[in-house]
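Please keep the sequence and the model in view while going through them.

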Amino acid sequence: MRIGNVSYLNSFPFRFGLKSSCDDEINTYVPSEIASRLEDGFIDIGLVPLASFLQHKNWHIISDYCIGAEGAVKTVLLISKKPIHKIQSICYDTDSRSSNMLTKVLAANYWKITPFEANVNDADARVMIGDKAFADYSDAYPYTFDLAQEWFDFQKLPFVFAVWVSNKELMPVDLKRINEMMKFGVNHIEESLNYFSENLPVPPNEALSYLKDNISFLLDSNKRLAIKQFEELASNSGLI
C-alpha cells in the first residue's frame, strides 16, 4: 500500500508508528501535496487536510486518529499587521487547504470581515501553518491569531485539521493494521521524538510539550461533531 504522511512535527508519532510497516511504501509531503497525490491515485491512503476530505464524497476516513486541537494549536496561525477587524487582505498558505478554509469560515461567520486574497508583500495578514509557524514573526506581524483557538471561541468545539483517508474502500484487515500503527505511534510520543531527533524544528522539550499539550490525536465523537459543524459552515459560505 502507498501511504502519504505529513512532513511536519505534528505527524512524527504517526511516522514512528508507520516505521514498523515492511510492506508499505511511505512518503512524506506537505498536507496539500498529500491531497493532490490521493486525488491523482499516486497514493492509496494519506493524512489529508479536512477541507480536501469534505470535497471528495467518495473518500473514506480509515482511522480513529487525526491531527486535531482542543484549544490553541500553536502551528496554525493568522499573523497580521492589523487588528482582526481591520484586516482587508490575506495571503493564504500554499501548504494548506484546511487552514485556508478555516480562515475563510471564521472571517465570514465569526470575525465578520470580507478580506480579499493578496500576495505576501501586499497582504495585511497571512496564514502560516506547520513547522515554520514556530518562528517569531512579531516584528513584521505584531498580531497573532491561533486559528484553532479562534474556532473554539466561536463554536466551543475542537478542530480537526487532517484525517487519515483512503480513496477506495479497504479490507478490514488493512483498516485494523493501519489503526494499530497509528495507536502505537500516539502512545509513544517521546520515543518518536528521540527517533526523529535530527529532524526536530524546535528543542526536544518544546516539541514534547507541543505534541502533548497542543495536538489532540484521537478522532473522538466531539471531533466528529466539529467536522460536521465545519462542513455546514463551509458549505453555507460557498467553500464546498
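1. In this predicted model, Trp151, Phe154 and Gln155 of helix α5 meet Ala226, Gln229, Phe230 and Leu233 of helix α9. The residues of this contact divide into five nonpolar and two polar, with no charged residue.

2. Two packed helices are described by the angle between their axes and the distance between the axes. Helix α5 covers residues 147-155 and helix α9 covers residues 221-236. Their axes lie 13 Å apart, and the angle between the two helices is about 90 degrees. Because angles of 65 to 115 degrees count as roughly perpendicular, α5 is described as roughly perpendicular to α9.

3. The aromatic residues deserve a separate point. A pair of aromatic rings is described by the distance of the centres and the angle of the planes. The structure holds 13 aromatic pairs. In one of them, phenylalanine 14 with phenylalanine 217, the ring centres are 5.5 Å apart and the planes stand at 80 degrees. Planes over 60 degrees apart count as edge-to-face, so this pair is edge-to-face.

4. Which parts of the chain does the pair of phenylalanine 14 and phenylalanine 217 tie together? Phenylalanine 14 lies in helix α1 (residues 12-18), whereas phenylalanine 217 lies in strand β11 (residues 216-218), so the pair links parts that are 203 residues apart in sequence. Both phenylalanine 14 and phenylalanine 217 are buried.

5. A further aromatic pair is formed by tryptophan 151 and phenylalanine 154, with 6.1 Å from centre to centre and 80 degrees between the planes; it is likewise edge-to-face. Tryptophan 151 and phenylalanine 154 both belong to helix α5, where they are three residues apart, about one turn of the helix. Tryptophan 151 counts as buried because its relative accessibility is 0%, whereas phenylalanine 154, at 22%, is partly exposed. The cut-off that decides this is 20%, under which a residue counts as buried. Trp151 and Phe154 also belong to one aromatic cluster together with Tyr110, Phe159, Phe161 and Phe230.

6. Is phenylalanine 217 buried or exposed? Its relative accessibility is 5%, so phenylalanine 217 counts as buried. Leaving aside neighbours within four places in sequence, phenylalanine 217 is in contact with residues including Asn10, Pro13, Phe14, Tyr65, Val186 and Leu211. By contrast, the C-alpha atoms of phenylalanine 217 and histidine 56 are separated by 22 Å, these residues being 161 places apart along the chain.

7. Serine 63 is placed in strand β4 (residues 60-69). Its relative accessibility of 3% is the reason why serine 63 counts as buried. The side chain of serine 63 reaches the backbone nitrogen of tyrosine 65 at 3.0 Å, and a polar contact of 2.9 Å joins it to the side chain of asparagine 179. Apart from residues up to four places away in sequence, serine 63 touches Trp164, Asn179, Met182, Leu219 and Arg224.

8. Asparagine 100 is found in helix α4 (residues 98-111). With a relative accessible area of 12%, asparagine 100 is buried. Its contacts, leaving aside neighbours within four places in sequence, are with Tyr92, Asp93 and Val127. The C-alpha atoms of asparagine 100 and tyrosine 141 are 18 Å apart, and 41 residues separate the two along the chain.

Conventions
Residues are numbered from 1 along each chain as its sequence is written. This is a predicted model: local features need pLDDT of at least 70, side-chain atom pairs count only at pLDDT 80 or more; totals for chains, interfaces and linings use all residues. Side-chain values use heavy atoms; hydrogens and water are left out. Helices (H or I, at least four residues) and strands (E, at least two) are DSSP runs, numbered from the N terminus. Buried means under 20% relative accessible area, exposed over 50%, partly exposed in between (1.4 Å probe, protein chains only). A polar contact is a pair of N or O atoms within 3.5 Å; within protein, one must be able to donate a hydrogen and the other to accept it, and residues adjacent in sequence count only if both atoms are side-chain atoms. Contact means heavy atoms within 4.5 Å. Axes are lines fitted to C-alpha atoms, for helices over the stretch in contact, and angles run from 0 to 180 degrees between N-to-C directions. Angles under 35 degrees count as roughly parallel, over 145 as roughly antiparallel, 65 to 115 as roughly perpendicular and the rest as oblique. Ala, Val, Leu, Ile, Met, Phe, Trp, Tyr, Cys and Pro count as nonpolar, Asp, Glu, Lys and Arg as charged, and the others, Gly among them, as polar. Rings of Phe, Tyr and Trp (its six-membered ring) pair if their centres lie within 6.5 Å; planes under 30 degrees apart count as stacked, over 60 as edge-to-face and the rest as tilted.
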